[in-house]
Amino acid sequence: MPIGEIMDLNLKNFLKDREEIIKDAETKDEKSFENFKKIVEKIKEKEGKDKIVCDFTEYNPLHKGHKYALDRGREHGVFISVLPGPLERSGRGIPYLLNRYIRAEMAIKAGADIVVEGPPMGIMGSGQYMMCLIKMFYNLGAEIIPRGYIPEETMEKVISCINKGYHIQVKPYKICCIETGEILGEKLNIDNYVIASMSQTIYKLNREGLKFNPKFIFVRRLEGISGTKIREAMFNGKFEEVKDMLPETTLKILKELYDSGKLNDFILKRFEDRILETANEFDLHRYLPSNVAEILEKRRPFNNIEEIKNALPYGFSRHFKERVLSKLEARIPSETLSKYINNYPAKIKILAFRE
């Protein structure tokens with residue numbers, strides 16, 4: 001397929017996702033919740049399991065570390081993967097390598113029972129998408145959440161607190177136990193920080209009436225797996241170099257795409273013309289914080305993406321600039337995004353499930 005046609009198709013899908021997000025800010029699809037429950041009950045009956053296990057992972061792509069955590073989770077019940085999807089932009093604000101339907105296939109082939117679509121991470125702050133993820137877990141009926149972690153002194157204290165039924169509060173240079181007030185440490189590795197943030201968000205939503213108390217299962221993260229090396233090998237077709245990092249099922253999917261000459265067709269990219277058009281011609285106060293909108297509007301016109309990034313201030317998150325680009329790309333008003341988060345989940349969209 002010519003590159004122009006591929007980009008047109010990807011843009012069409014992107015714009016369709018955008019319209020769904022705007023719609024989901026206002027409505028609920030109650031039937032989708034009912035259909036999901038029916039599928040879960042069938043799988044429970046078929047597998048003889050009575051617990052629901054949920055985790056969220058981007059699977060970009062799915063490697064042996066993901067597979068290891070997935071296998072530990074499946075020991076405890078029906079495994080549901082929440083796969084961030086709409087707009088295909090990651091929590092770092094950049095395009096995923098492959099679309100969510102391919103990543104969902106990887107998850108099912110690796111052992112997941114159901115894969116459902118999660119929130120559009122790339123246009124949200126970390127606190128916002130964590131809130132959406134916890135609300136999704138609640139609506140999926142999650143009883144157990146397996147999470148990979150990296151051993152470190154502060155994390156061991158965090159795990160101890162969570163296992164006692166306590167919750168974690170994360171502040172700059174201060175990780176605390178909410179119930180006891182104990183200071184556990186100053187900072188956490190990013191993967192461990194996610195766990196602490198989940199605990200904090202559960203506590204916050206429960207105070208607002210959610211009543212959600214899942215059990216965490218902590219899975220020590222496997223060593224020797226490099227997402228960067230895997231992605232480089234994908235681009236070059238050198239799968240032998242990373243075969244020890246990938247499950248056979250993922251390797252097979254990637255090789256089939258590469259051997260067919262279609263892998264590069266599926267690699268997702270930014271719509272740079274759209275970002276530049278937004279930055280140069282639109283009222284940026286609709287999509288960005290006022291201080292950021294003012295900075296960009298004063299500096300325009302921009303000739304390329306790097307000029308936009310160079311004009312942006314540094315945010316609290318190291319991914320701030322990429323998320324701004326994703327907001328410019330999506331053109332979803334901040335007011336609409338707030339309604340979307342408050343109404344989340346508007347539906348349960350199943351991307352794949354084990355027949």
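The model is predicted. The second largest pocket has a volume of about 450 Å³. Arg100 sits in helix H4. Helix H12 spans residues 290-299.

**The second largest pocket**

- Rolling a probe the size of a water molecule over the atoms shows where empty space is left.
- The lining of the second largest pocket counts 22 residues.
- Leu9, Asn10, Asn13, Asn99 and Leu268 lie nearest the centre of this pocket.
- Three helices each supply at least two lining residues: H1 (3-24), H4 (100-110) and H10 (263-266).
- H1 gives the most, with 8 residues.

**Arg100**

- Is Arg100 buried or exposed? Its relative accessibility is 3%, so Arg100 counts as buried, the cut-off being under 20%.
- The side chain of Arg100 makes a polar contact with the side chain of Asp17, at 2.7 Å.
- Leaving out residues up to four places away in sequence, Arg100 touches Asp17, Leu83, Gly85, Pro86, Leu87, Glu88, Glu117, Lys349 and Leu351.

**Helix H12**

- Which residues of H12 are buried? They are Val292, Ala293 and Leu296.
- Seen down the axis of H12, these buried residues fall within an arc of 100°, so they line one face of the helix.
- An α-helix has 3.6 residues a turn, so residues three or four places apart point the same way.

Methods:
Residues numbered from 1 in each chain as written. Predicted model: local features only at pLDDT ≥ 70, side-chain atom pairs only at ≥ 80, totals over all residues. Heavy atoms only, no water. 1 Å grid on protein atoms, 1.4 Å probe; cavity = no way out; pocket = protein on both sides within 12 Å on 5 of 7 lines; lining within 4 Å. Points joined across faces, edges and corners; volume = space filled by probe spheres on them. Helix = DSSP H or I, 4+ residues; strand = E, 2+ residues; numbered from the N terminus. Buried < 20%, exposed > 50% of the residue type's maximum accessible area, 1.4 Å probe, protein only. Polar contact = N/O pair within 3.5 Å; in protein donor to acceptor, adjacent residues only side chain to side chain. Contact = heavy atoms within 4.5 Å. Arc of directions from axis to C-beta.
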